[in-house]
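Take a look at the structure below.

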Amino acid sequence: MNQLMDKLQKRLMPLANKISQIKFLSALGATFQILLPVIMIGSFACLGAFLDIPAWQNFVGSTGLGVIFMTLQSLTLSIITLYIAFVLPYQYASKLGMAPLPSAIAALMSFLILTPTELYTNIPEQWLGFPGLFTCMIVTVLVVRLHKVMEDKGIYIHMPDGVPPMVEESFKALVPTVISAVVAIVISTLMAKTSFGCIHQVIYSFIQTPLQSFGLSFPSYLVMQILCTLFMFCGIHGNSILSIFTPLTMAASEQNLAALAGGEALPNIIIDSFSVLCQPGGIGCTFGLAFLMAFAAKSKRMKTLGRMSIIPAVFGINEPLLFGIPIMLNPLLFIPYVISPIICTSISYCSIALGITPRLSGTMVNWTMPQFVSGFLAQGVPTMLLQVVLVLLTTAIWFPFFKMVDRQICKEEGGE
């Protein structure tokens, strides 16, 4: 086991460090955290407007709540890429050590130029939602990097001393912003003459759709959960892996919400809220472990730590256990820590694929939502009951390993 731990550290730590140092992924994760209130408002508004329960539909129809819900959804989730087109380049420029506002404005402008419009009338929302997300990400990288290169090379309008910093930053960004606009106009004009119509359609057809098909397959998602758990076991937060999949799962959530609104069959099994089934109690499925420690531990240290940890575990926070027992780099607890998410992910996928529990509606459920409440919000009572089964199962997996560690600590306390 010690040899296995050494191999894991040698192989995973360099990879984890490299991923965590990718500034764009860090900016992407920060962007979705910042926009989480907007995303949740939109997803719950969509659920409120189109929840297929006759009594509820009669209520929202008679009170006018349905129109309010649809308005909220159309101005949040349906145009979420418009929000991302500003926040993401702002975060990315900040990570690169640049003045973020000029780059963010240039990137937003370039994205809108590339988006088909009805002149002086409106911008169709098709590409302002998740279908335009990958275009937004590509534009962010290209525009912000252009600003960075030109700033580093000194290719900008230099202002005399004494000019206010805000004015100086605006003129510094002028040249790369003009270049971005010209390139975007040329691409938009050329693409309008093709059968695709716009660059969004090209990227969606040849990049985003294939990536979703691959990234949201069961094997890929399971590998992601395993890597996330292994990274956490080695001390690197699993968010560095999760951020890669977030654009894919959120786009899949939007597709399910759109199908729900249209009264159609939900297309995707793996969406953003699928994660509430994979890691109950935090990465490593430690909800059951916290419960065992709080109510079944013989050692004082384990019992005290369990009582301190059980409330955070309800909300998916397990750092007290990870560092307090510790679980991290502890050979005795490696097996249940890694095996539990594999079992939960596999059972959840099979349960939905076989129709035992329904496909998730697409409602965005924050990872800090309490256990069982998160399942209910994701898709009602059946999903909540699936969470109960998963918690009981992972508690059984943790039990023999918990007893070993508890017995070991009891001996240490007896010696003291």
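## A helix pair

In this predicted model, helix α6 (residues 80-95) and helix α8 (residues 133-153) have axes that come within 9 Å and cross at roughly 30°. Angles under 35 degrees count as roughly parallel, so α6 is roughly parallel to α8. The crossing of α6 past α8 is right-handed.

Which residues in α6 and α8 meet? From α6 come Thr 81, Ile 84, Ala 85, Leu 88, Pro 89, Tyr 92 and Ala 93. From α8 come Leu 133, Cys 136, Met 137, Thr 140, Val 141, Val 144 and Arg 145.

## The nonpolar cores

In soluble globular proteins, nonpolar side chains tend to be buried together. The largest nonpolar core here has 69 residues. Ile 39, Ile 84, Phe 130 and Phe 274 touch the most other members. Helix α13 (residues 239-261) gives the most to this core, with nine residues.

What does Ile 39 touch, leaving out residues up to four places away in sequence? Its contacts are Phe 32, Leu 77, Ile 80, Met 250 and Met 364. There is also a second, separate core of 28 residues. Among them are Phe 233, Ala 290, Leu 292 and Ile 325.

Helix α4 (residues 54-63) is hardly covered. How many of its ten residues are buried? The count is one.

Gly 64 follows α4. The phi of Gly 64 is positive, near 85°.

Definitions and conventions
Residues numbered from 1 in each chain as written. Predicted model: local features only at pLDDT ≥ 70, side-chain atom pairs only at ≥ 80, totals over all residues. Heavy atoms only, no water. Buried < 20%, exposed > 50% of the residue type's maximum accessible area, 1.4 Å probe, protein only. Helix = DSSP H or I, 4+ residues; strand = E, 2+ residues; numbered from the N terminus. Core = buried A, V, L, I, M, F, W, Y, C linked by side-chain atoms within 4.5 Å. Contact = heavy atoms within 4.5 Å. Axes fitted to C-alpha atoms, helices over the stretch in contact; angles between N-to-C directions. Parallel < 35°, antiparallel > 145°, perpendicular 65-115°, else oblique. Left-handed = near helix turned anticlockwise from the far one by under 90°.
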